[in-house]
Amino acid sequence: MEDITVIWQDMLSILEVEVHSLGFDVWIKPLRPVKVEDGILVLCAPSDGAKSEVLARYLPLLKRALREVEGAPSGITIVSEDEIAQKTEEKQKEQSQPSERTTPRSENPLNPQYNFADFVVGKCNRMAYETALAVAENPGTLYNPLFIYGDVGLGKTHIMQAIGNDLRLSRPNMKMLYVSTDTFINEFIASIRTANGINNQSFRDKYRNLDLLMIDDVQFLSKKPSTQEEVFHTFEALKGAGKQMVFASDRRPQDIPDLDSRVRSRFASSMVVDVQPPDLETRIAILQKKAQKAKKNIDFDELAFIAEHVTSNIREMEGVLTKVMFLSKLYERKVDRAICQEALKDYRVQECDEITVDEIVDCTCKYFNAQKADVVGKKKNKEVVVPRQIAIYLINEFMNIPLTTIGEYFGGREHTTVMHARDKISAMVSSDPKTKTAVNDIKAMILRK
Ligand code: ADP
Ligand code: MG
C-alpha cells in the first residue's frame, strides 16, 4: 500500500480539477488524511459542520478520485477533529477510571461554536431565538417540545445546539443528547438486530432517561414506520416525565410525507417556530460577527457587498467569507473589492452552472404554450399550475439553489410549496408517462440552448 500522504496528494490533484475552486479551498483542502483502517481511508474534517458538508456534497467525488488512484484503499470515511479529540479523551478517561460509566461524550457531539452569543438575531429568526432561549432557561416547561423548521443553512442546527451548550454550562448534571435523525434510525435498527428480537432495552434506556433530547432533521423519519413508532414511544415517555425535547426539520410537521399520524400530531402540537432567510442587515451583521471571530478586519463596504450577493443561505455566505479571507492571506493584502468579486465568481458558477432560472422557465412555458407572467404569478388554474410545478422540479434538478430562492422567483411562494411541487412532479415522472415525456423534452430544450 502506498503512503497515505501520497495517496491523498494524488487525490487532491484530481479533485482540484473536478471541484470548483471555492469548494476545493473551503471543504476539500482542509481535510487531513488520518490512517487506513480495514481498507478504508479515514479523512478528518476540521469541524463537525465541515464533516457533514463534505459528506453531503463531495462524497461521490471523493470516492471517484479514490478509485482513480493506484494502490489506494477501497473506501472512504470522514471523521471530524472534534470526534477524534473526544475519542482520545474517552480513552484516557477509561484508562484512568475504568469503573465510571457516564454518558460518553462522543454521543453528544455539540459544536461549541453553536451558542447563543454567536447567533445573530433578526426578524427572520427572532421567534426561534426567543423560544430557544426560554427553553434553555426553563427546560421542560413552557415550550416543550420545541419544533424548529426552515430551509437549509438558516441556523436550525445552530439554535438547537445553542440550547444544549447553554444548559451544559448552567446545569452540568443534566443528561442530554443531540442526535441526527440518521443516527437515531441507525442506532434503533442496530438495537433490534443485537437484541435478536427479544427487546431493545439498552436503546430505550439511552433515549428515555434523558432530561433533554434534541433530534435534528426529523424530515428523514419519512417512510421509516418502525423508527417512527419508536420516536412516538420515546416522545410519550419523555413528555410524561416532563423532560425537554427539541426537533428540527426542513419543513412543517404537516408537510413531512409518510409520517405516522400520532408522531405528526405530537410534532404539530409542539411549539412550532420557523427560521426565514435573513434580510440584508442581518446578513451583514452575521458576516461582521464571523469576521470578528476570525480576527479579520474587513471593511463594512466589502462585507455589505458579499451580503448583497449571497442572499438566502447563511452556510453558503460563510463559505464565500472563508474564501475571501483565504484569498486575502494568499495575496497578502487587505480584503478589497477585487478579492470579494473573485470569491463571488466561484460562488455564482457553482450556483448556476451556466443554466439560468429564466432559461428553464422560458423553455417550460414554450413547451406548454403558457404565459411566463402567469406561470410565475398567482393564478391557480391547471394550465399554469402544471408548467409551474414542472419548472420548479427542473430548477431543482439543474441548479443548486435554496428552495426559498425558488419560492421568491415564483411570486413569493413558501419553500414548502416549492418542495411540494418538486416532490409531486418527481413522483409523477415515475408513475405518469406523459409527465415523463414532457420533463425529458423540456430538459432537452434547456440543454440545447
Ligand atoms: P441548518 O441546520 O438550518 O441547515 P445551520 O444551523 O447548520 O443551518 O447553519 C449554517 C451555518 O450558518 C452555521 O455555520 C451557523 O453557525 C450559521 N448561522 C446560521 N444562522 C446564523 C445566525 N443567525 N447567526 C450566526 N450564524 C448563523
Ligand atoms: Mg441542520
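Student: Is Phe368 buried, exposed or partly exposed?
Tutor: This is a predicted model, and Phe368 sits in helix α15, residues 357-368. Its relative accessibility is 28%. Buried means under 20%, and exposed means over 50%. Since the value falls between these limits, Phe368 counts as partly exposed.

Student: Which residues does Phe368 contact, leaving aside neighbours within four places in sequence?
Tutor: Contact requires heavy atoms within 4.5 Å. With the sequence neighbours set aside, the partners of Phe368 are Val386, Pro387, Ile390, Ala438 and Ile442.

Student: How far apart in space are Phe368 and Lys323?
Tutor: In sequence, 45 residues separate Phe368 and Lys323. In space, taken from C-alpha to C-alpha, the distance is 42 Å.

Student: Are helices α17 and α19 roughly parallel or roughly perpendicular?
Tutor: Helix α17 covers residues 382-398, and helix α19 covers residues 415-431. Their axes are 8 Å apart, at an angle of about 90°. Angles of 65 to 115 degrees fall in one class. Therefore α17 and α19 are roughly perpendicular.

Student: How many nonpolar residues are in the contact of α17 with α19?
Tutor: From α17 come Gln389, Ile390, Ile392, Tyr393 and Asn396. They meet α19 residues including Val418, Ala421, Ile425 and Val429. By class, the contact has two charged residues, four polar ones and, for nonpolar, seven.

Student: How many disulfides does the whole structure have?
Tutor: A disulfide needs two cysteine sulfur atoms within 2.5 Å. Take Cys365: its closest cysteine sulfur, in Cys363, is 9.3 Å away, too far for a bond. A search of the whole structure gives a count of zero.

Student: Are Cys363 and Cys365 buried or exposed?
Tutor: Cys363 has a relative accessible area of 3%. For Cys365 the value is 6%. The limit for buried is under 20%. So Cys363 and Cys365 are both buried.

Notes
Residues numbered from 1 in each chain as written. Chains lettered and ligands numbered in written order. Predicted model: local features only at pLDDT ≥ 70, side-chain atom pairs only at ≥ 80, totals over all residues. Heavy atoms only, no water. Buried < 20%, exposed > 50% of the residue type's maximum accessible area, 1.4 Å probe, protein only. Axes fitted to C-alpha atoms, helices over the stretch in contact; angles between N-to-C directions. Helix = DSSP H or I, 4+ residues; strand = E, 2+ residues; numbered from the N terminus. Parallel < 35°, antiparallel > 145°, perpendicular 65-115°, else oblique. Nonpolar A, V, L, I, M, F, W, Y, C, P; charged D, E, K, R; others polar.
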